[in-house]
Amino acid sequence: MLAITNCFSEVVEFMNTKIGCIIREIRISKKIKSNVLYKEVLSRPSIIKFEEGESDTTVERFLILLDRLNITLEEFVAIYKNGENQDLSLTSSYIQAFYKKDLAKLNDIYYSTQQLYKSTKNQKYLHYGAIISLLIDSIQNNFSHKNEKDILQDYLMRCETWGYYELTLFINTLNFYSNELIDTVYRNAKKNLLKYNQLPRYRNEFSILLFNILEKKLSSGYYRNLEKYLDELTDFKNQNKDVMYYQSMVTYFENLINIIKNNNIEDNVKSIENIISIFKFLKMDYKAEQCQTLLTSTLKRKKDPKVISLNLNNS
């Protein structure tokens with residue numbers, strides 16, 4: 001994952017190096033004349049020094065140049081790094097190791113995150129290390145790294161300005177938190193993230209967050225606020241009309257909640273079975289199994305006389 005907050009820190013890292021050389025390459029490839037790109041931004045002597053890597057510029061001017069080049073900040077970082085994404089690579093490596101239950105690999109990745117944190121003091125490496133420790137606990141079923149969980153939840157609770165990094169960190173660590181904490185953090189996050197609602201990437205990740213919250217609550221039998229989260233998900237549904245997977249998952253959660261409310265249980269079960277069949281047809285076997293497991297546990301929980309019916313809209 002490549003956070004916008006991280007993009008700025010990475011830009012600052014190389015702002016004093018050869019940023020102008022890359023701007024020049026992009027400008028020439030787009031057939032944009034220097035007097036057009038740098039109008040009222042840099043003088044002619046300054047342009048020459050800048051594009052030869054002999055001088056830098058301010059962040060404000062840099063963003064103006066990106067806008068005139070029709071390049072996003074993330075695209076520029078990707079060009080600078082030749083398409084490499086260290087965050088994505090690191091995340092993918094520990095996720096793969098977790099699913100393979102490869103403790104040796106996880107410990108190696110953990111060690112590398114600690115080394116990166118010591119050399120850069122970037123909090124993200126501290127967070128990656130905490131996540132890996134908790135994943136190791138999950139495999140060993142001993143849950144000894146309480147401090148690591150505190151590091152993650154304290155950061156999310158204290159952070160007043162959320163960006164893409166915080167959103168994806170919350171999504172990736174959701175299962176480590178209590179339902180009550182999730183409700184609290186979500187309320188804080190929503191206030192921050194609504195301003196990014198028109199950005200497709202944020203909208204997609206926000207939808208995934210709502211999917212994961214609903215799944216967490218349903219699988220744990222914690223039904224409070226279910227319908228509130230579903231209502232918010234439905235709002236996003238209207239903005240994602242052409243995405244079949246998204247539409248299917250919204251319908252899936254609607255069906256599950258109807259089952260909990262005793263509304264046309266048989267029809268809702270059939271609807272879910274149809275959705276699962278579609279996932280299987282599309283070779284989405286893991287998602288099909290996940291949906292089937294949640295349906296089975298929901299039906300089983302309904303038959304348990306110890307389960308107390310909760311107001312789904314309780315706040």
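**Reading rings and helices**

Modeller: Let us begin with one residue of this predicted model. Y252 has a relative accessibility of 1%, so Y252 counts as buried, the cut-off being under 20%.

Colleague: What kind of aromatic pair do Y252 and F253 form?

Modeller: A pair of aromatic rings is described by the distance of the centres and the angle of the planes. For Y252 and F253, the centres are 5.3 Å apart and the planes stand at 70 degrees, an edge-to-face pair. F253 likewise has a relative accessible area of 1% and is therefore buried. Ring pairs also join Y252 and F253 to F211, Y245, Y246 and F279 in a cluster.

Colleague: How many aromatic pairs does the structure hold?

Modeller: There are 15 aromatic pairs. One of them joins Y186 and F206, whose planes lie at 40 degrees with centres 5.8 Å apart, so this pair is tilted. Y186 belongs to helix α12 and F206 to helix α13, and the two are 20 residues apart in the chain. Both Y186 and F206 are buried.

Colleague: At what angle do helices α15 and α16 pack?

Modeller: Two packed helices are described by the angle between their axes and the distance between the axes. Helices α15 (residues 244-260) and α16 (residues 265-281) pack at about 150 degrees, with axes 9 Å apart. They are therefore roughly antiparallel, the threshold being over 145 degrees. The crossing of α15 past α16 is left-handed. Among the contact residues are Y245, Y252 and L256 of α15 and I272, I275 and F279 of α16. By type, the contact comprises 12 nonpolar, 6 polar and no charged residues.

Notes
Residues are numbered from 1 along each chain as its sequence is written. This is a predicted model: local features need pLDDT of at least 70, side-chain atom pairs count only at pLDDT 80 or more; totals for chains, interfaces and linings use all residues. Side-chain values use heavy atoms; hydrogens and water are left out. Axes are lines fitted to C-alpha atoms, for helices over the stretch in contact, and angles run from 0 to 180 degrees between N-to-C directions. Helices (H or I, at least four residues) and strands (E, at least two) are DSSP runs, numbered from the N terminus. Angles under 35 degrees count as roughly parallel, over 145 as roughly antiparallel, 65 to 115 as roughly perpendicular and the rest as oblique. A crossing is left-handed if the near helix is turned anticlockwise from the far one by less than a right angle, and right-handed if clockwise. Contact means heavy atoms within 4.5 Å. Ala, Val, Leu, Ile, Met, Phe, Trp, Tyr, Cys and Pro count as nonpolar, Asp, Glu, Lys and Arg as charged, and the others, Gly among them, as polar. Rings of Phe, Tyr and Trp (its six-membered ring) pair if their centres lie within 6.5 Å; planes under 30 degrees apart count as stacked, over 60 as edge-to-face and the rest as tilted. Buried means under 20% relative accessible area, exposed over 50%, partly exposed in between (1.4 Å probe, protein chains only).
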